[in-house]
Amino acid sequence: MKRFIVYTLSIVICFVLQSAMFHYIALANVMPNLLLILVVSFAYMRGRITGLFLGFFSGILVDIIFGNVIGLYALLYLLIGYFIGFTNRFYSNDDYTLPIIFVAVSDFIYGFFYYIFEFLLRGRLDFLFYLRRFIFPEIIYTVTVSVFLYKLLHMINNRLNARENEEA
Amino acid sequence: MRRRAKIHINPKHILIGSVILCISLIIVSFRFGEQFAPVKSAVGTVVSPMQKGINTVGSFISDKLDTLANINELLEENEKLKEQVHILSYENKLLLQDKYELDGLRKLYELDQKFLDYPKVAARVISKDTNNWYNVFTIDKGTRDGLKVNMNVLAGNGLAGIITEVYYNYSVVRSIIDDNSNVSGMFLKTSDTCIVRGDLKLMDEGKIRVELISKDAVIEDNYEVVTSHISPNFLQGILIGYVSDIKLDSSNMTKTAYLTPVVDFERLEEVLIITELKEPLLKEPLID
C-alpha cells in the first residue's frame, strides 16, 4: 500500500515538474523526460510488472492531459517499462551505470517511435533533422538528469524494501 | 508488490491484457473523442492547480533572483508598464491598420472593414506539453471565465495561437509555430492572401513558413502579415509577423517566404484572449 502511494506521488510529481517548470529547466527548447526515467528506473529495480504498471499510468496521465488520442503514450511507456523490466535480472544494488544506459536506450526508442507515429505518418521525412534537433538533445539531457534522479529513486526503493522486510 | 507476487499471474498475460486495453482505448478515443472530455476535464481540474502552484513557486524564485540586480518596486512597475505597452502597441497597430485602410485599400473593397477593438481577457501560461515536439500550452482560464474553443490568443501585439480545448478552469492553446498550425494570412499593404504554416524545422531560427502567395503579389521583405478576412477562425487584422526571403516556387505559380513572428514564443508567460468568436462564414473555403 505504501509502495502504491509512493508510485502515485512520484508519477504526479514528475509529470507536474515536467509540464509546469518548462520555463526554468528547458535547455535549447528541450525538456528532460522525467516520466521515462521514473518508469525505467523502477522497471530495472523491480521487474517487468512494476515497469508495466508504472508505464501504463504515466502514459495515460500524459494522454489525458495533452494527447489527442488516448492510449498511444500509455502503450509506448508500458512497452518500454515491460521490456526494461527484463533487465531486472542484472540488477545490482550498487550499480549506477547500467540503469543510465537503459534510460538512454529507451529514450531513443521513445523518440524514434514518437517520430514514426506523429511525424512520419504525416509525411515529414527528414528523420536526420529530427534526430539531431530533438531526439539526441533529449537523450543527453535526460541521461544527465537520470544520474541524479536514479540515485534518489534507488534510495526510495531501498527504504521501501527495508520497511517491507521488517513487516514480513 | 510482495503480496501481489504470491497470487502469481504470468507477466506475459498482464502485458497482453494491457496492450489490448491500450489499443482499444486508442480506437475508442479515435471514434468517440468527445466522450473522453469529462474525464480529461476532471483530471485537468486536479492537476492544473498543482501546475499553477509550481509555476508560482518558479516565478517567485526567478523574481527574487532578478531583484539581486533590481529594486523590487521598479520590477513590479516595469511589469505593469510592459503589459500596458503590449496592450497599447496592439491598439496602435489597429490604428495603423485603419490608417492604411484609409490611405488606399478601402477602394478595393465594396464593404467597409472594421478593425474593432475586441474585448480581451488576460491569462497566464501554466504548462506546456511535456513533449519536445509540439507547441501546445495550457493557460489558467477556462469555461469559468467565458472562454470557448477557437478563440484567438494574443501575446503582446501579435497572434500567439488559438484555443483548441476548453475545460472548467484551464484551456489548451495551439501556438502558430506548432507543426500542425495553419493560419490564413494577408499582407497588410497589398491585401494578398497567403497561408502561414508552422514548421518544426524552422522553429530554431524563430521563423515560420508562408505559403501560397500569388506570384503576382508585389511584396518585399519586412512587409507585415496579418490574419486575413477569409479565415474562418481568426479575427481579421491581427498582426502575425514580418516576411523575409521571398522565393518563387518551382511550380512558378506561387511564392513562398519565411515569416518572423512578433511574439516571442520562448518566453511566453502572459497572454491575452479575445473573447469574441469570428462568425462562421459557411460559404468560405475552410482554412484555419
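In chain A, the axes of helix α1 (residues 2-20) and helix α4 (residues 48-66) come within 10 Å and cross at roughly 40 degrees. Axes here are lines fitted to C-alpha atoms over the stretch in contact, with angles from 0 to 180 degrees between N-to-C directions. Helices are DSSP runs of H or I with at least four residues, and strands are E runs of at least two, numbered from the N terminus.

Who touches whom? α1(A) brings Tyr7(A), Ile11(A) and Phe15(A), while α4(A) brings Leu54(A), Phe57(A), Ser58(A) and Leu61(A). Contact means C-beta atoms, placed from the backbone, within 7 Å.

All of this comes from a predicted model: local features need pLDDT of at least 70 and side-chain atom pairs 80 or more, while totals for chains, interfaces and linings use all residues. Residues count from 1 along each chain as its sequence is written, and chains are lettered from A and ligands numbered from 1 in the order written.

Chain B has a mean pLDDT (the predictor's confidence per residue, 0 to 100) of 79, with 85% of its residues at 70 or more.

Now for the backbone. Most residues other than glycine have a negative phi. Leu212(B), in strand β8 (residues 208-214) of chain B, has a positive phi near 55 degrees. Asp245(B), in strand β10 (residues 239-248) of chain B, has one of about 50 degrees.

Key. Contact = placed C-beta atoms within 7 Å.
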